[in-house]
Amino acid sequence: MNEQQRRFVEFWFWASVFSNRYAGSSNETIIEDSGVLELIAKNEKIPARYCERMRSRVDTADDLFSYTKRASIIYRGVLNLLSYHNRGLRSWNNGDVLKADMPLEGHHIYPRAYVMQAYPNIKLDVPQAEAEELVDSVVNITLIPKLTNIRIGKKPPSAYLTELRISNPLLTQCLESHLVNPAIMNDSSWDKNFKQFLDERGAKMVALIRKYAVD
């Protein structure tokens, strides 16, 4: 395929994910998409109305906060898009590229147990009820090796990231590949800024979704 065709197939895949196009009955969708991809293969025009049905369900970070279930296509799509964009996510242990055959887990960047026990000992920048709703959001999730996730437990971000940095001098670059602000590793005040972290990371995720599934 030529570059223009490749770019369309890339757009078609991610737009299908973030429009939840294949979430329900898919026979008609398969037939329509097959016809459109055939036109693309022949370098022919596709109907303008087709792209209107590929509209992303994610426009803002707030839209992402509601995706908390691993079975959700959009939830999984976000994590896969991070890996695709970075040509593989980096392990926080040693900087190696994570592979699909590794025992990976969805890690809460602000650990669930930490957020749940924060009140009244630690004053987060969001009310307790809202924090409990947000903690399982995909915006607070990334993929790391299972054993690393177990060792982290309920430690605050600055504490467990400081420990990981001892064995991984490339941790800053690894965090950036996961769209995690490295500042949470160096500044313990971020341990309280849960909502600020989610807003910032969510905005970066939305920018990626726009790049691949909208623009």
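Which residues of H1 are buried? In this predicted model, the buried residues of H1 are Gln5, Phe8, Glu10, Phe11, Trp12, Trp14, Ala15, Ser16, Val17 and Phe18, where buried means under 20% relative accessible area, exposed over 50% and partly exposed in between, with a 1.4 Å probe and protein chains only. Because the model is predicted, local features need pLDDT of at least 70 and side-chain atom pairs count only at pLDDT 80 or more, while totals for chains, interfaces and linings use all residues. Residues are numbered from 1 along each chain as its sequence is written, and side-chain values use heavy atoms, with hydrogens and water left out.

The chain contains 12 helices and two strands. Read from the N terminus, the order of elements is α-α-α-α-α-β-α-α-β-α-α-α-α-α. Along the principal axes, the C-alpha atoms occupy a box of roughly 60 × 35 × 25 Å. Of the 215 residues in the chain, 45% are buried. With contact defined as heavy atoms within 4.5 Å, 72% of the contacts between residues at least 6 apart in sequence join residues at least 24 apart.

The accessible surface of the chain amounts to about 11,700 Å², and carbon and sulfur atoms account for 52% of this area. Accessible areas were computed by the Shrake-Rupley method with a 1.4 Å probe, and for residues only the protein chains shown count as cover.

Helix H1 covers residues 3–18. Its 16 residues should span 22 Å at 1.5 Å a residue, and its end C-alpha atoms are 23 Å apart, which agrees; the expected span is 1.5 Å times one less than the number of residues. The cover over the buried residues of H1 includes helix H2 (27–41), helix H3 (48–52), helix H5 (73–85) and helix H12 (194–213). At the start of H1, a side-chain oxygen of Asn2 comes to within 3.1 Å of the backbone nitrogen of Gln4. Asn2 belongs to the segment before H1 and is partly exposed, at a relative accessible area of 33%. Between Asn2 and Ile31, which are 29 residues apart in sequence, the C-alpha distance is 24 Å. After H1 comes Asn20, in the loop between H1 and H2. Phi of Asn20 is positive, near 60 degrees, in a residue other than glycine, and Asn20 counts as buried at 18% relative accessibility.

Helix H5 has 13 residues and reaches 18 Å from its first C-alpha to its last, close to the 18 Å expected at 1.5 Å a residue. Its buried residues are Ile74, Tyr75, Gly77, Val78, Leu79, Leu81 and Leu82. Among the elements that cover them are H1, helix H4 (61–65), strand E2 (141–145) and H12. At the start of H5, a side-chain oxygen of Ser72 reaches to within 3.3 Å of the backbone nitrogen of Ile74. H5 is followed by Arg87, whose phi is positive, near 55 degrees. Arg87 is found in the loop between H5 and strand E1 (104–108) and counts as exposed, at 78% relative accessibility.

His108 is part of strand E1 and, at 18% relative accessibility, counts as buried. A polar contact of 2.7 Å joins the side chains of His108 and Asp136. A polar contact is a pair of N or O atoms within 3.5 Å; within protein, one must be able to donate a hydrogen and the other to accept it, and residues adjacent in sequence count only if both atoms are side-chain atoms. Residues up to four places away in sequence not counted, His108 touches Val135, Asp136, Asn140, Ile141 and Tyr160.

Arg165 lies in helix H9 (residues 157–167) and is partly exposed, with a relative accessible area of 34%. Leaving aside neighbours within four places in sequence, Arg165 is in contact with Leu171, Met185 and Asn186. The C-alpha atoms of Arg165 and Met1 are separated by 43 Å, at 164 residues apart along the chain.

Terms used: Helix = DSSP H or I, 4+ residues; strand = E, 2+ residues; numbered from the N terminus.
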